[in-house]
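Please have a look at the model first, and then I will go through the contacts.

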Amino acid sequence: MLLALALALAQAAAPAVAPPAPQPAPPAPTGPVVALEVAQGRTVFGTVTIVLDPEKAPITVRNFLKYVRSGHYEGTVFHRVIPGFMVQAGGFTPELEEKPNQGPIKSEARNGLRNSRGTLAMARTNNPDSADSQFFINLRDNHRLDYGIGGAGYTVFGRVIEGMDVVDRIAMVPTASRGTHENVPQMAVVIKKAREVNPTAPDAAPNP
């Protein structure tokens, strides 16, 4: 009885412990947001939602939005899938026929954005200023692709904000070589639709 009373008095004397303060919600995306709806045959993988960064990559974002708005990406496939590295899309039909593009743009790889997991970057040839419609999503921190670490680097211009699990599922699809193409999914993984989620967002600055 005395022990119970002593415990009660001690608890009453102890200062109240405030509950932990709620964590602030992540900031809402301020750039254009694009959703890619992905499927393989009749299997719907889901939607990958990406926020673009027109402040750091104005030329690249403007270029990407042109392809989205024209419907270029619809019906293109993820034609190069390398687990633990990246998934690449934006240029080929399921028959691996290359779609016409609008020509190359200037590299913005020195914009300070890093090739970290979940970021969107432009694919290119050995010429830094050769990117057109093709892009890739980093499956891991690929900082060796950054400007100054990997030479001219690869331009990062956005990041996945929802649907990274969908990207990871794409990375698990079995691949094989087809003609001159390597790491091609054996069953086409198709972008069924590419659309702007917030089309009222301001456009990126015009190309110089």
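Let me begin with a term: buried means under 20% relative accessible area, exposed over 50%, and partly exposed in between, with a 1.4 Å probe and protein chains only. This is a predicted model, in which local features need pLDDT of at least 70 and side-chain atom pairs count only at pLDDT 80 or more, while totals for chains, interfaces and linings use all residues. Residues are numbered from 1 along each chain as its sequence is written, and side-chain values use heavy atoms, with hydrogens and water left out.

Tyr-73 is buried, at a relative accessible area of 1%, and Phe-64 is buried as well, at 0%. Rings of Phe, Tyr and Trp (its six-membered ring) pair if their centres lie within 6.5 Å, and planes under 30 degrees apart count as stacked, over 60 as edge-to-face and the rest as tilted. That rule gives six aromatic pairs. In one of them, the ring centres of Phe-64 and Tyr-73 are 5.2 Å apart with the planes at 40°, so this pair is tilted. Both residues belong to an aromatic cluster formed by Phe-64, Tyr-67, Tyr-73, Phe-135 and Phe-157.

Turning to Phe-136, which is buried at 4%, and Tyr-154, which is partly exposed at 23%, we find ring centres 6.0 Å apart and planes at 75°, so the pair is edge-to-face.

Finally, a charge sits over a ring if NZ of Lys or CZ of Arg is within 6 Å of the ring centre and within 35 degrees of the ring normal. Arg-124 lies over the face of Tyr-154, 4.1 Å from the ring centre, and the charged end of Arg-169 is over the ring of Phe-45, at 4.5 Å from its centre.
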